[in-house]
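Dear colleague,

Please find below the structure that I am handing over to you. My notes on what was found in it follow directly after.

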Amino acid sequence: MKSVVNYLVAGAFLLVSTIGFANGPAKSEVEKKLVKVELDPVFVKKGDKLMMNLLNISQGMVILKVYDSQDRLVYNESIDGKLVVEKAFNFERAFEDEYTIVVVDKFGTYKETMAVK
């Protein structure tokens, strides 16, 4: 009888520990309340200028491109190894058109448009 009880206790312990491992390690209250950080670039328009700021956590390659309304490449730059990528696009002397600014990093492709009148 004593050995049956031991087997039942051991089986219950094994079941509970297996369920715990299946759900992953328990998270502390601090981990549960961490704020999710968006890594999308921030675009700010001021008159005929467009400022772009990107937090590049991976410090990998970031590609910046500007296209006009006919999908012609107007500007192209690659930046590698920088934590913060900042760029100001000046459209003061640009032809009247609608331009698309494309930012490509490890996490995705982001677009912003700028109309010049």
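At 22% relative accessibility, Thr-100 counts as partly exposed; buried means under 20% relative accessible area, exposed over 50%, and partly exposed in between, with a 1.4 Å probe and protein chains only. Thr-100 is found in strand β6, where helices (H or I, at least four residues) and strands (E, at least two) are DSSP runs, numbered from the N terminus. Not counting residues up to four places away in sequence, Thr-100 touches Lys-65, Val-66, Tyr-67, Lys-111, Glu-112 and Thr-113, contact being heavy atoms within 4.5 Å. Thr-100 and Leu-73 are 27 residues apart in sequence, and their C-alpha atoms are 9.7 Å apart in space.

Before you read further, please note that this is a predicted model, in which local features need pLDDT of at least 70, side-chain atom pairs count only at pLDDT 80 or more, and totals for chains, interfaces and linings use all residues. Residues are numbered from 1 along each chain as its sequence is written, and side-chain values use heavy atoms, with hydrogens and water left out.

Overall architecture

The protein has two helices and seven strands, and along the sequence they follow the pattern α-α-β-β-β-β-β-β-β. Of its 117 residues, 21% count as buried. Among contacts between residues at least 6 apart in sequence, 49% join residues at least 24 apart.

The strands and their pairing

Strands of a sheet pair through backbone hydrogen bonds, either parallel or antiparallel. In this model, two strands are taken to pair if DSSP finds at least two bridges between them.

Four strands form an open sheet in the order β4-β3-β6-β7, with antiparallel pairing. Its edge strands are β4 (73-79) and β7, each of which pairs on one side only. The twist averages 15 degrees from one strand to the next; axes are lines fitted to C-alpha atoms, for helices over the stretch in contact, and angles run from 0 to 180 degrees between N-to-C directions. Within this sheet, β6 and β7 run antiparallel and are joined by nine bridges. Val-104 stands opposite Thr-109 in β7.

Strands β1 (residues 42-46) and β2 (residues 49-55) also pair in the antiparallel sense, over five bridges. Their hairpin has two residues between the strands, and Gly-47 takes a positive phi near 65 degrees there. Lys-45 stands opposite Leu-50 in β2.

Salt bridges

How many salt bridges does the structure hold? There are four, a salt bridge being a side-chain nitrogen of Lys or Arg within 4 Å of a carboxyl oxygen of Asp or Glu.

One of them joins Lys-45 and Glu-112, whose closest N and O atoms are 3.6 Å apart. Lys-45 lies in strand β1 and Glu-112 in strand β7 (residues 108-116), so the pair ties together parts that are 67 residues apart in sequence. Lys-45 is partly exposed at 43%, and Glu-112 is partly exposed at 24%.

Another joins Lys-49 and Glu-92, with the closest N and O atoms 3.9 Å apart. This pair links distant parts of the chain, for Lys-49 is in strand β2 and Glu-92 is in the loop between β5 (84-90) and β6 (97-105), 43 residues apart. Lys-49 has 35% relative accessibility and Glu-92 has 49%, and both values count as partly exposed.

In a further salt bridge, between Asp-68 and Arg-72, the closest N and O atoms are 2.7 Å apart. Is Asp-68 buried or exposed? Asp-68 is buried, with a relative accessible area of 7%, whereas Arg-72 is partly exposed at 47%.

The nonpolar core

A nonpolar core is a set of buried Ala, Val, Leu, Ile, Met, Phe, Trp, Tyr and Cys residues joined through side-chain atoms within 4.5 Å. The largest one has 17 residues, and those with the most contacts inside it are Leu-50, Met-52, Phe-89, Phe-91, Ile-101 and Val-103. Strands β2, β3 (62-67), β5, β6 and β7 each give two or more residues to this core. Leaving aside residues up to four places away in sequence, the contacts of Leu-50 include Phe-43, Phe-89, Phe-91, Ile-101 and Met-114.

A buried loop residue

Asn-56 lies in the loop between β2 and β3 and is buried, with a relative accessible area of 2%. Beyond its neighbours within four places in sequence, Asn-56 is in contact with Val-62, Lys-82, Leu-83 and Val-85.

Yours sincerely
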